[in-house]
Amino acid sequence: MPNALVRRPSPRLAEGLVTHIERKPVDADLAVRQWHQYVDTLAQHGWIPVEVPPIDECPDGVFIEDTMVVYGDLAVIARAGANERRPEAAAAEQAVRDQGYRIAHVTEPGTFDGGDILKVGKTVYVGLGGRTNAEGIRQLTEALGSLGADVRAVPVQKVLHLKSAVTALPDGTVIGYEPLVDDPTAFDPFRAVPEEAGSHVVLLGEDRLLMAASAPKSAELFTQWGYTPVVVDISEFEKIEGCVTCLSVRLR
Ligand SMILES: CN(C)C(=N)NCCC[C@H](N)C(=O)O
């Protein structure tokens, strides 16, 4: 069974960064319950959760996806686009090393956040314009290109991360809520969904899509398209621009 790295939320979660939305109060206790439900759901669908030591001094530490990208047997460790998130990477690096991955780093002046990376087969889309800079993409292209990946930079201006705007279905179709996708033509094929949170799916295996409860119309659409939505409530993480992808690193 595949493993998924997760990290429990900091008691300071409510202080997490917000960039594109208005700050709202976060219920930290509810967030912990939602996190447990998220982790249990992964486990019920065949993923073994591997807990990375918590980092309570970093409010956004729960968004472990941002600390790395894994491709083949390589984990490239992020240099976060936000200074205050940089301490999050060290323990995540140790955890993925313990899983047997080779390690590479993006180094200064490069930056990237894992949330800016969408893998679709050998194509690796990288969002440029927010937390990930051109030098970060150059270094990623070097690291992943040597493993056969086709790394493509795509613009991200309207949302925090590329995966705030788009993710992909099991057949490789990229999905997104069009008003928030900078350039839908960058993705082929692309299909629109009716809600922002409907853009975010985690592939659980076969036809199952982990997604947020805040996107019921998109869930209906996915069912019509032949998929099985598996729904979790992550309202407290959404208040600080998190989504279902951010809360784990899936090691396939
Ligand atoms: C795909 N997404 C959205 C992510 N991988 N990460 C979300 C990080 C949110 C955090 N408050 C921040 O601003 O960094």
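**Exercise 1. Determine how S9 and S10 pair in this predicted model, and describe the sheet they belong to.**

Step 1. Strand S9 and strand S10 (residues 174–176) pair in the antiparallel sense, over 3 bridges.

**Exercise 2. Locate alanine 186 and decide whether it is buried, partly exposed or exposed.**

Step 1. Alanine 186 is in the loop between S10 and S11.

Step 2. The relative accessible area of alanine 186 is 21%. Buried means under 20% and exposed means over 50%, so alanine 186 counts as partly exposed.

Step 3. Leaving out residues up to four places away in sequence, alanine 186 touches Tyr125 and Val154.

Step 4. Alanine 153 is 33 residues away from alanine 186 along the chain, and their C-alpha atoms are separated by 9.2 Å.

**Exercise 3. Describe the sheet that contains S12, S13 and S14, and find the helices that contact it.**

Step 1. The 3 strands form an open sheet in the order S12-S13-S14, and the pairing is mixed.

Step 2. S12 and S14 are the edge strands; each has a single partner strand, so one side of each is left without a neighbour in the sheet.

Step 3. From one strand to the next, the twist averages 35°.

Step 4. Take the pairs in turn. S12 and S13 pair in the antiparallel sense over 3 bridges, and glycine 205 has arginine 208 in S13 as its bridge partner. These two strands form a hairpin with 2 residues between them, and glutamate 206 in the turn has a positive phi of about 50°.

Step 5. S13 and S14 run parallel and are joined by 5 bridges. Here leucine 210 stands opposite valine 230 in S14.

Step 6. H5 lies across S13 and S14, at about 170° to S13.

**Exercise 4. Identify the largest nonpolar core and the elements that build it.**

Step 1. The largest nonpolar core has 36 residues. Tyr38, Leu42, Leu210, Phe222 and Phe237 have the most contacts inside it.

Step 2. Elements giving two or more residues to this core include helix H1 (28–44), strand S13 (208–212) and helix H5 (216–224). H1 gives the most, with 5 residues.

**Exercise 5. Describe the largest pocket and the largest cavity.**

Step 1. The largest pocket has a volume of about 600 Å³. It is lined by 27 residues, and Leu118, Lys119, Lys163, Arg250 and Arg252 lie nearest its centre.

Step 2. Strand S3 (68–71), strand S6 (117–120), S9, S12 and strand S15 (249–251) each give two or more residues to the lining.

Step 3. There are 4 cavities of 30 Å³ or more. The largest cavity has a volume of about 80 Å³, and its lining includes Asp60, Arg85, His161 and Cys246.

Terms used. Residues numbered from 1 in each chain as written. Predicted model: local features only at pLDDT ≥ 70, side-chain atom pairs only at ≥ 80, totals over all residues. Heavy atoms only, no water. Core = buried A, V, L, I, M, F, W, Y, C linked by side-chain atoms within 4.5 Å. Buried < 20%, exposed > 50% of the residue type's maximum accessible area, 1.4 Å probe, protein only. Helix = DSSP H or I, 4+ residues; strand = E, 2+ residues; numbered from the N terminus. Pairing = 2+ DSSP bridges. 1 Å grid on protein atoms, 1.4 Å probe; cavity = no way out; pocket = protein on both sides within 12 Å on 5 of 7 lines; lining within 4 Å. Points joined across faces, edges and corners; volume = space filled by probe spheres on them. Contact = heavy atoms within 4.5 Å. Axes fitted to C-alpha atoms, helices over the stretch in contact; angles between N-to-C directions.
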